[in-house]
Each structure stands twice: as C-alpha cells, then as structure tokens.
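Notebook open, structure loaded. I want to look up the domains, the overall shape, the cores and a couple of helices.

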Amino acid sequence: MAANILSVLLSPFTQDNITGFNILCSVRCQVLVVGDLKFYAQLLGRENMSSSWCMWCTAHPSDWKYHPIPTADRWTIDKIKQHKDRIDRRELREARDIRGIVNDPVWDFIEPENYMFPQLHAEIGLVNNVLDKFYSFIDDQVEAISPEEALARNTYIMADVAVCNATQALSDWKETEGPQLEFNRYNRIGLTKELKKKNQDQRIIMELRQQQQELDTMIAELVNNRKALETDVTLKRKALTTAKASLKAIREKKRKLEMPVFSDIENILLEYGITAAAYHGGKLNGVDCRELLTLAKTIFERFKTCLLSVSHPERCSDAIINQACDLHRDICITLDSLTSKLRMKQGEPQENDFQLADAYLVNLHYLWTQANLSFTPKIHCLLNHAVEQMRKYSGIGDTLEDDVERIHQISAKIESRVSRMKNKGQQAHVHSKMEAIQNCSLVREKIEESQQASKRVFKKRNLDVCAVRRGIRQKKERDESRAETQRYLEEKPHQQFLSNHDKKKAEMMNGTT
Ligand SMILES: [Zn+2]
C-alpha cells in the first residue's frame with residue numbers, strides 16, 4: 001500500500017489523472033528514509049541481521065576498525081537483488097559472502113544512499129557505549145572487589161589465556177604438520193594407483209604394501225594430533241564461557257551498597273539532571289546524552305576528583321584515573337563537536353564546516369581505538385557515511401529522527417488515554433477525535449498564545465538572564481572549548497587504554513608472571 005502511494009508520488013507530475021488535482025507548479029522532490037538502523041535493516045532485506053552489517057557499504061566488519069576504511073562497494077537496490085539471487089542459486093554460502101542479506105528490499109524504489117544517517121539513535125548508542133566503557137573501568141580498576149569476584153576475574157583471565165594458547169598451538173600445527181599430512185595423503189593415492197596396475201611383480205607389490213602401511217601409520221598419527229589439538233581448543237573455549245558467565249553472575253548480584261563509587265558517580269550525574277537510572281545496564285535517554293556531551297568537560301573533572309578520593313590497596317594509580325577520565329572526556333567532546341556539525345540544517349554548512357567535521361572524524365577514530373571501544377555498526381556509519389551524506393545534501397540537520405520519535409510519543413500518549421475503553425469502535429472514534437483536536441491549527445494557535453502570555457518578560461538589565469544573549473555567549477564558549485580540544489588531540493596525547501584483564505593477559509602470554 002505504502003509502496004503504491006509513494007510510486008504515485010514519485011511518478012511524473014503530468015499524471016494528474018491519478019490524483020485528480022490540477023497542477024499549479026512542479027517541484028522536484030526526493031524521498032528520503034529516516035529511522036533507526038533496525039528499521040533500515042528490515043526495509044533492506046536484512047531482518048534480524050542488523051547487528052553485523054552496514055546498510056550503505058559492503059565493507060566487512062573486521063575492516064571497520066580502519067580509518068579511512070579499505071574501499072568497499074556501495075549497496076544499490078539492484079546489487080541487493082542480484083546478491084539475493086546469487087544466494088538463492090546457492091552460489092554464495094559463507095556468512096562472509098552473504099553479508100547479512102536474507103530478502104529482497106521491501107521498498108525497491110528508494111536507493112540505500114537515500115536512507116539517512118540516524119543521528120539521534122547513533123548518538124544515544126555511542127554515548128552509552130562510552131559511558132558503559134567508563135563504568136567498566138571503574139568496576140575494573142577503582143571499585144573495591146570481594147575476594148570471590150577477584151577469584152572469578154583471575155579464573156576468567158586464565159581461561160582466556162588458555163584459549164589463546166590452545167588456538168595458537170592448533171594454528172602452529174596447521175602451518176608445520178598440516179602440509180606433511182597433505183603430502184602423505186597424496187603419496188598414498190599414488191601408491192593405491194600403483195597397486196591397482198595389473199601384472200605387477202610380487203616383490204614390488206610387497207614393497208608397495210609395506211610403504212602403504214608406513215604411510216597409514218604416519219597419517220593416523222598426524223590426524224590424531226590434530227584432533228587432540230582441536231578437542232583442546234573446544235574444551236578451553238567452554239571453560240572460558242563458563243568463567244565469563246560466572247564472573248557476570250557475581251557482578252550482577254552486587255547491590256548498590258557494595259558499589260559506593262558507582263553511587264557517587266551517578267549522584268554527580270544527577271546533579272546535572274542526568275539520570276543513569278540503573279547500576280547495571282541503565283541507559284541514558286537522548287536528552288541526557290546531549291547534556292553529558294555538552295557538559296563533558298565539567299562532569300569528567302568531577303568524576304576525576306571523585307575517583308581520586310577513593311582509597312584502598314587494589315585501586316589503580318592516580319595516573320590511570322587521570323588517563324581514563326581525560327580519554328572519555330575527549331571522546332564526549334569530539335562526539336559533541338561532530339554532532340553539532342551534523343545537526344546543521346540544509347544549506348547552512350560551509351566548506352570550513354565540512355573540513356572541521358572530517359578532522360573530528362579522524363580524532364574520534366583515534367580516541368575510539370585508544371579506548372579499546374568496539375567498532376559497532378553505529379560508529380561505522382558515523383565514521384564513514386554521516387559526513388559523506390552531510391556533504392551530499394549540504395547539511396542533514398533537517399532529517400533528525402526526533403520528529404518521528406515525537407509522533408510516536410504523541411500517539412502513545414493518546415493510546416494510553418483510550419486503552420481502557422471497552423467499546424473498540426468508540427475507542428477508535430475518541431482516538432481520532434483527540435488527534436484531530438491536537439492537529440487543529442486554531443487550537444494550536446490558542447495554546448501558543450496562552451503560553452506566550454504566561455511567559456515572564458525579562459528586563460534587559462541583567463544581560464546574563466536574557467536567554468538570547470546567554471545562548472550566544474554559551475555557544476561561543478562551547479566553540480572555543482571544542483577548538484581547544486581539537487588542537488590538543490592533533491598531538492595524539494592519549495595512550496592505549498587497557499583493562500586489568502588485557503594487562504594481566506598480556507603479562508601471562510609473555511610469561512612474565
Ligand atoms: Zn558502511
């Protein structure tokens with residue numbers, strides 16, 4: 001249905017017989033899709049595969065960590081369809097080749113390049129990634145832990161090292177013994193062919209059989225070695241999964257009281273009106289994400305003071321706390337700088353803005369790598385496709401998903417008001433009545449009028465209270481602070497940030513402990 005309506009809209013304007021309207025003027029229009037990555041995945045035939053592949057390019061997730069990324073093809077509707085055909089013909093079988101495609105695109109008249117970068121969702125996702133990473137640093141290196149958790153952590157590290165060693169042993173075997181096994185098998189095929197020849201001398205037959213037996217023993221031995229190594233890897237992997245799960249269980253069992261540092265951190269956030277709701281898995285909403293980004297400098301300074309005041313024997317050094325706070329602060333400031341450019345409306349950005357945005361991307365990639373944050377589809381599309389789209393449309397600030405989200409909220413509000421009505425017909429009637437009232441321009445005007453009337457008018461005496469002036473001053477301050485961070489980051493001042501787990505694992509692998 002939607003497809004039909006859109007097809008009509010997209011068809012040449014002369015077809016007024018379809019719509020029945022008179023044409024006054026023709027305006028070039030372009031259909032853009034705005035939504036979150038999950039919605040895009042559904043539309044582009046990747047239902048349930050959204051977490052692993054990019055909607056715009058064919059780059060493999062293992063390449064996402066590079067900047068600039070190795071050149072990758074751009075998806076088009078035709079390419080997706082051809083790809084689906086090849087999968088149906090079973091020409092493509094490996095996950096690596098299938099690239100997440102499971103179906104034909106639902107709307108095949110809108111090219112993937114017209115799917116807009118989901119700024120709001122990406123911002124929320126990425127800020128939460130950063131905050132989660134910062135929380136895990138606190139949990140890992142600042143918060144005091146129980147002996148039980150310490151034991152579980154060590155078991156996990158040891159299991160991790162064991163898996164690495166076992167995998168290494170298997171790949172070593174494949175490099176050294178593997179070719180020998182292939183060679184023996186090849187020789188054996190030759191011997192079998194020889195033995196099948198007719199009128200062979202009995203003595204030669206005996207000799208060939210002898211050789212065949214020797215080869216069989218060697219082959220069996222090599223195969224057994226490989227199997228033993230493979231079993232070892234499987235067992236060690238299982239042990240790793242168990243160790244990881246039991247550490248997670250211990251962490252989840254922790255109560256608020258056992259995590260004093262976390263509560264301090266969350267209280268600081270609350271002072272700025274940011275609710276990080278839960279101690280585990282609590283996510284910031286869009287407004288709170290914005291606030292954290294804007295106030296990053298101040299907030300992370302507060303975090304630093306708070307973390308430095310913690311004292312117990314297992315806490316990491318002051319230097320590490322400073323490093324962690326500065327690194328996460330800079331990620332937030334860079335994200336803020338970048339999103340401020342992305343939010344510029346069509347026609348606003350100048351060449352200077354694009355150049356700055358590109359520079360922010362380089363910094364963001366650098367910081368993301370230093371913080372050991374994972375390269376998710378969201379960060380991939382921010383690094384690779386967002387600024388590109390911003391250039392293409394000379395600004396994409398008008399295509400924020402905020403409006404869609406707002407309509408969702410309005411609809412949910414009405415829904416909740418009528419949900420208890422038993423008569424379904426009446427329910428639908430009241431629903432559309434409420435919607436009509438809300439959309440009525442007369443009602444809107446009146447609401448606006450009364451809101452304006454109830455607003456306080458500030459006198460110009462106190463310049464700081466005047467919202468417009470304050471806004472300009474704050475913007476100036478923010479721009480200066482962003483530029484300062486940008487200059488500072490060009491020196492690449494951050495070290496690779498490692499968790500206790502990474503450090504101890506590296507030590508164990510190098511045999512220093
Ligand atoms: Zn991509």
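Predicted model: local features only at pLDDT ≥ 70, side-chain atom pairs only at ≥ 80, totals over all residues.

Started with the domain assignment: I get domain 1 (29-114), domain 2 (119-143 + 259-400 + 497-504), domain 3 (147-253) and domain 4 (403-452). The bounds come from an automatic or database domain assignment. Residues are numbered from 1 along each chain as its sequence is written.

Overall shape next. I read off 31 Å for the radius of gyration of the chain, while a compact globule of 513 residues would be near 24 Å (taken over C-alpha atoms; the globule rule is 2.2 Å times the number of residues to the power 0.38). The C-alpha atoms fill a box of roughly 115 × 75 × 60 Å along the principal axes. From domain 1 to domain 4, I get 37 Å between C-alpha centres.

Secondary structure: 19 helices, zero strands. These are DSSP runs numbered from the N terminus (helices are H or I, at least four residues; strands are E, at least two).

Then I checked burial. Buried residues are 22% of the 513 in the chain; buried takes 20 or more other C-beta atoms within 10 Å of a residue's own, exposed is 12 or fewer, partly exposed is in between, and C-beta atoms are placed from the backbone.

Where is the largest nonpolar core? I looked up its 66 residues, and Met55, Val127 and Leu292 are among those with the most contacts inside it. (A nonpolar core is a set of buried Ala, Val, Leu, Ile, Met, Phe, Trp, Tyr and Cys residues joined through C-beta atoms within 7 Å.) Helix 6 gives the largest share, 12 residues. Domain 1 and domain 2 both contribute residues, so this core lies between them.

I followed Met55: its contacts include Leu37, Tyr40, Pro112 and Tyr115, not counting residues up to four places away in sequence (contact is C-beta atoms, placed from the backbone, within 7 Å). Another core, of eight residues, lies apart from the largest one and has Ala159, Val163, Ala166 and Leu240 among its members.

Leu240 took me to helix 8, where it is buried along with Ala243 and Leu247. Helix 7 (147-196) is part of what covers the buried residues there. Helix 8 (residues 202-253) has 52 residues and reaches 76 Å from first C-alpha to last, close to the 76 Å expected (1.5 Å times one less than its number of residues).

Definitions and conventions:
Contact = placed C-beta atoms within 7 Å.
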